[in-house]
Amino acid sequence: MDSQHKQWLNMPYNQLRQQYPYADQFFQTMGLSILEGSHCVEDYVSKLAPQVLEDIGIERSQLGHAFISFLENMNQLQQEDKQIIESVTILGGTDKEGRKENLHLTLRPGDIVAIVGPTGSGKSRLLADIEWMAQGDTPTGRQVLINGKAPEPEKRFAVESKLVAQLSQNMNFVMDLSVAEFISLHAESRLNRRDDIIEKVLEQANKLAGEPFTADTPLTSLSGGQSRALMIADTALLSRSPIVLIDEIENAGVDRQEALQVLVGQDKIVLMATHDPILALMAQRRLIIEKGSVKQVIETTDEEQKTLQELLHWDQKLMAYRNHLRKGKKLLAFHD
Ligand SMILES: Nc1ncnc2c1ncn2[C@@H]1O[C@H](COP(=O)(O)OP(=O)(O)OP(=O)(O)O)[C@@H](O)[C@H]1O
């Protein structure tokens, strides 16, 4: 035990708590009463009744060590939270025929980028290069930099503090949990203690989903659109990953505009492969992929923004017809 650890066990608890406000969580999780005033943890542990220790299944000598590991882990998580991503840079590699890809693209939080191109052109490969933080070691030879530098190997392969979250098309839940239980499990694993977090995620998911669902709906009975809505809300509000990759959000059952807004509102960098002109125009930029390489980067112009407004208008009309169809109504000419 080093001197820092001894200090944690011996300093008055009210002082310790001031420095490490999450210390209380250790006692709560263990089902123990929380220390008050100037008692120190060592004292507290030495005075715990044998019956209490037996109930929680831990030896007296181990409890102090468990407390130290808890504080260590929490401190590390807090450190990770402070790592701010200012930029992601993608440096070109080669196309499928080995020709050089002329690309040097830097993205910053709040950026939305669409990736477009024919089937098989390499859209998913580009997303995979970013997810993998390629360092010239994927079929494309691309390199991805974080804040202008190659990420350290621990970062690339870290599972806990992933920089990149993937939202995939197929989200079939097999867990026997309700929506509320799922959110609360995830919130717990992210050390998010906000009382209203279940409510917030659910409210956001319902804004995205066409058909509303409640906290006690079992995950397995959510429709495809509802599952995707839940995953998008969960990624936006609970995942700490600053980069979100989307491999095509289908039209079915999700409000795409709101989905992008909620992700970008959390200051994430969003990259999405898509064939959908509405989604593509919601991005500030789109990358045109051909034969495995980015051939062009197009900025969305004001002119194109007007096209977007028009497309959104048609989309609403189409949606209204879909609703009529579902309700068994006649599909007559539409009057604005
Ligand atoms: N630069 C490259 N060099 C070598 N292979 C590549 C390159 N880019 C893509 N590929 C390979 O080409 C194949 C098709 O790419 P990918 O699946 O990314 O296409 P896609 O555009 O996502 O297609 P779809 O629209 O059908 O999903 C994959 O096997 C991928 O690894």
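Strand 5 (residues 164-167) presents a covered face, made up of Ala165 and Leu167, and an uncovered one, made up of Val164 and Gln166; strands here are DSSP runs of E with at least two residues, helices are runs of H or I with at least four residues, and both are numbered from the N terminus. In a regular strand the side chains alternate between the two faces of the sheet. Strand 5 runs parallel to strand 6 (residues 243-247), to which 4 bridges join it, pairing of two strands requiring that DSSP find at least two bridges between them. Within strand 6, isoleucine 243 is the bridge partner of valine 164.

## Basis of the model

The model is predicted, with pLDDT of at least 70 needed for local features and pLDDT 80 or more for side-chain atom pairs to count, while totals for chains, interfaces and linings use all residues. Residue numbers start from 1 along each chain as its sequence is written.

## Domains

The protein chain is assigned domain 1 (3-81), domain 2 (88-300) and domain 3 (302-335), with bounds that come from an automatic or database domain assignment.

## Ligand surroundings

Among the 16 residues around the ligand, Gly122, Lys123, Ser124, Arg125 and Gly292 come nearest, a residue being near if its C-beta atom, placed from the backbone, lies within 6 Å. Helix 7 (residues 123-132) contributes the largest share of this shell, 3 residues.

Note on methods:
Buried ≥ 20, exposed ≤ 12 C-beta atoms within 10 Å, placed from the backbone.
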